[in-house]
Amino acid sequence: MKSYNLIKIMKKFPYAFYFLLVIPFFQLTAQPLIPDYLNPDKSIEVRIENALSLMTLEEKVALCHAQSQFSSAGVPRLGIPEINYSDGPNGVREELMNNSYAHANWRNDSCTGFPALTCLSATFNPLIAYDYGVAMGEEALYRKKDVLLSPGVNIFRTPMNGRNFEFMGEDPFLTGQMAVPVIKGIQSNGVAACVKSVALSNQETNRKYINVMVSDRALHEIYLPAFKTAVEDGKSWTVMGSYSRLRGQYCCQNDLLLNKIIKKDWNFDGVILADWGGVHDTREAALNGLNVEMGTNTDGNLSKYDDYNNYNLGFPFLRLLKNGEIPLTVVDDKCRRILRLIMRTSMNRNRGFGRFVCEYHSSIARKVAEEGIVLLKNQNNLLPIQKGKYQKIAVIGENAIRNLTAAGGSSELKVKYEVSPLEGLKAKFGKENITFSYGYSAGPNTWGKVVDSKLDKDSLFKAAVETARNADIVLFVGGLNKSWFQESEGSDRKSYNLPYNQDELIEAIQNVNKKTVVLLLSGNAVAMPWLQKVSALLQCWYIGSEAGNAIANIISGEINPSGKLPFSFPKKLEDNGAMFYGKKSYPGDSVVHYMEDILVGYRWYDTKKITPQFPFGYGLSYTIFEYGKIITDKKNYETNETITLSFTLKNTGKTDGAEATQVYATQPKASVLRPAKELKAFRKVFLKAGETQTVEQKIKVKDLAFYNDRTQAWTVEPGEFILRNASSAADVKSSISITISN
Ligand code: GLC
């Protein structure tokens, strides 16, 4: 445009010209186009404060409780998304109805069934635990879940606990070390893990109100350490309180547990959510550290409340804030944590999109199953079974065909597929060489799906014995099945023995066929009256979608078993510490007293010199491992130092394999009772046939401490400690004495 035209325009429209001059000024001073809380370039803490400053009190209170069965509110007005939660510990539960536990019956939510955490723990392999967490987190992310309610880390106190199959065993160190990589794996997807249920959920009998009387030492040395590790090392973004009471105060609203220990001592910066229905009092819930109230009306029937706003942390909480009975700082602290969770998950712009049911997830499920299966007996090396060696293989037992990913309570899964043991064995050995017989039937009244046999109990029994008589070898596939009163949430077991007459059936089968292999699919210790007679025994856990493939790979020798027991199998129930003290100690009534105190699991058997059927950390291999003598880098240590120990491990057999080596510590002369020994290090070592490796491990001297209930502090007493390398709690290979000085 010629300059004289421009001058003519400027004279005709002078204000337009001035406006053009001031635009740059506006750009410099105008409000940012996006507020801080939405700006991914700002730090999370800046975004939290900005969001908080814009929220009304009503919006803050709304964050603190459920808005549906499995979601809690965001701030719709500000575009801050809600939080979606999902069970469960070993896979993403199917979609449930918005206001109840009823299945929504979607058609696109059938997941990968991963092995139960008990199996994962039995691998003694933190590396595979990370992969397990990554895979599960991917599935949760794909299903648009922000919090996956996993892992469960409650300690096995008694084999009667119906939910043991969901947890990771009797040792707090193993549980914590295996839970941390699961948490990190899940959270690597921008999905929050939820370590649960802090801290005393060790029985299902009266679980919603049981009042646990436990000493400070047992609380801090046995029941809290796995949670502490999960928070401090795993950086879990959420923690779930348990239903039970700790010394009279519900764990979901327990000042000692939530405020003093988890938030103050452990510097937890995440969200504490209640177990579904675990909140009972507004003031306690508000003041004692809880952040999000879920499932107060767990049946989803809102009849008692006209809506979720009437939860304890809804309108009742709002009233107390408005009338000044509770300071606003209380709701602000809750909201900071909840906003931090939202910013770490749904508002995390770096989050991917996850994956759902893919070969990678199946391969992880299969590897965990293969590495977690424990070979407990293998007389005359009956196993492995070379393909083609037998033409008449009898597979007996309903668990060979039962869908074991379903049922069990909140850990139930609707899986895309589940290879049953029978299917896996047929694929491996040829279906023409396999004959199946039910042997027993749990019947249709139990949870979980099974093609129900049409025969009566006696006919099933007789048919199975005949099948065994005519076979070259028998694979009995039994165990428990996540049904009511035996391994399910909400009920404890009624018997230590296998149900459905399996003990008698195994005896009868063994009497007609000396080549009998028992495979137990379960998550708990059981009585084994038939043990001396059977030739081989495998603990196979609940191992998910790839169950049949993993079992077949172990039986055929394609995979050498390397799992080790994460809990002891007592010979008889009364050998167990909790059971020893009778009803007051388990199951109690409305109160239960943890009378075995710190002597839980192998700590009890070792100290009381009771020989278990199978000890903690026990598991055989198809090869043989030779341990060298344990040595340490020094003889004397200060309390702030780290012990470096080592020993050689040789695979002297002809088969490649893996061994979960263990190191236990003992303080022989302590001023207080201490267990005979405690696990302080473990390492899974993979060795080719003939290969030798030096296993090196480090133990911090401060981790040899006991919890001093007089000073309420961890204490390392100067003096002698003994370190032992071992293949199990009952198989010590060598020991070394060291001295700790002040
Ligand atoms: C259940 C369980 C808990 C589960 C929650 C949601 O009662 O105790 O582990 O995550 O409710 O289903």
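**Group meeting: a surface patch, a ligand and some rings**

Methionine 595 is partly exposed, because its relative accessible area is 33%. Keep in mind that this is a predicted model. Where is methionine 595 found? Look at the loop between strand 17, residues 591–593, and helix 20, residues 602–608.

Together with Phe580 and Tyr581, Met595 forms a nonpolar patch on the surface. The three have about 270 Å² of accessible area together. Phenylalanine 580 is at 49% relative accessibility, so it counts as partly exposed. Tyrosine 581 is at 31%, so it is partly exposed too. The cut-off behind these calls is simple: exposed means over 50%, and buried means under 20%.

Now the ligand. How many residues surround the ligand? There are 14. The closest are Asp87, Arg163, Lys196, Tyr243 and Asp275. Let's take some contacts one by one. In aspartate 275, a side-chain N or O atom is 2.6 Å from an oxygen atom of the ligand. For lysine 196, a side-chain N or O atom is 2.9 Å from a ligand oxygen. Glutamate 489 also takes part: one of its polar side-chain atoms lies 3.0 Å from an oxygen atom of the ligand. How much of the ligand's area does the protein cover? On its own, the ligand has 310 Å² of accessible area, and the protein covers 98% of that.

Next, one glutamine. Find glutamine 662 in strand 22, residues 657–666. Is glutamine 662 buried or exposed? Its relative accessibility is 0%, so it counts as buried. Its side chain reaches two backbone oxygens. One belongs to glycine 617, at 3.0 Å. The other belongs to alanine 660, at 3.1 Å.

Last topic: rings. The structure holds 27 aromatic pairs. Take phenylalanine 569 and phenylalanine 614. Their ring centres are 6.3 Å apart and their planes stand at 85°, so this pair is edge-to-face. Why does this pair tie together parts that are 45 residues apart in sequence? Because phenylalanine 569 lies in the loop between helix 18 (547–556) and helix 19 (577–580), while phenylalanine 614 lies in the loop between helix 20 and strand 18 (625–627).

One more group of rings to find on screen. Phe124, Phe173, Tyr602, Phe616, Tyr664 and Phe682 form one aromatic cluster.

Notes: Residues are numbered from 1 along each chain as its sequence is written. This is a predicted model: local features need pLDDT of at least 70, side-chain atom pairs count only at pLDDT 80 or more; totals for chains, interfaces and linings use all residues. Side-chain values use heavy atoms; hydrogens and water are left out. Patches are made of residues with over 30% relative accessible area and no salt bridge: like charges are joined within 9 Å, nonpolar side chains (Val, Leu, Ile, Met, Phe, Trp, Tyr) within 5 Å. Accessible areas come from the Shrake-Rupley method with a 1.4 Å probe; for residues, only the protein chains shown count as cover. A salt bridge is a side-chain nitrogen of Lys or Arg within 4 Å of a carboxyl oxygen of Asp or Glu. Helices (H or I, at least four residues) and strands (E, at least two) are DSSP runs, numbered from the N terminus. Buried means under 20% relative accessible area, exposed over 50%, partly exposed in between (1.4 Å probe, protein chains only). A residue is near a molecule or strand if one of its heavy atoms lies within 4 Å of it. A polar contact is a pair of N or O atoms within 3.5 Å; within protein, one must be able to donate a hydrogen and the other to accept it, and residues adjacent in sequence count only if both atoms are side-chain atoms. Rings of Phe, Tyr and Trp (its six-membered ring) pair if their centres lie within 6.5 Å; planes under 30 degrees apart count as stacked, over 60 as edge-to-face and the rest as tilted.
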